[in-house]
Amino acid sequence: KRVYVVDDDRDIVEFISTVLESAGYEIGAQYDAESVVDNAVQFGADLIILDVMFPEDPGAGFEMARAL
């Protein structure tokens, strides 16, 4: 299975990725809000772990969640 992780905090992304990779998941990751919907779809994600608060736009995560 494929999991796409989106968070502006690299430590969180690395932690989640390490745990899930050790459990056999394929991980895609992104650290900003640019083109998340397109990137997640292109990756073929079965699950998306999405931070909803981004410093440059506090509402960006909610907009992405709605679009997904």
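In what order do the three strands of the open sheet stand, and is the pairing parallel or antiparallel? The order is 2-1-3 and the pairing is parallel. This is a predicted model, in which local features need pLDDT of at least 70 and side-chain atom pairs count only at pLDDT 80 or more, whereas totals for chains, interfaces and linings use all residues. Residues are numbered from 1 along each chain as its sequence is written, and side-chain values use heavy atoms, with hydrogens and water left out.

**View A. The open sheet of three strands.** Strands (E, at least two residues) and helices (H or I, at least four) are DSSP runs numbered from the N terminus, and two strands pair if DSSP finds at least two bridges between them. Strand 1 (residues 2-6) and strand 3 pair in the parallel sense over four bridges; I49 in strand 3 is the bridge partner of V5.

**View B. The aromatic pair of Y4 and F43.** The ring centres lie 5.6 Å apart with the planes at 45°, so the pair is tilted (centres within 6.5 Å; planes under 30 degrees apart are stacked, over 60 edge-to-face, the rest tilted). Y4 belongs to strand 1 and F43 to helix 2 (residues 36-43), 39 residues apart. Y4 is buried at 6% relative accessibility, and F43 is buried at 14% (buried, under 20% relative accessible area; exposed, over 50%; partly exposed in between; 1.4 Å probe, protein chains only).

**View C. Arginine charges over aromatic rings.** The charged end of R2 sits over the ring of F43, 4.2 Å from its centre. R10 places its charged end over the ring of Y31, 3.8 Å from the centre (NZ of Lys or CZ of Arg within 6 Å of the ring centre and within 35 degrees of the ring normal).

Note on methods
Phe/Tyr/Trp six-rings, centres within 6.5 Å; stacked < 30°, edge-to-face > 60°.
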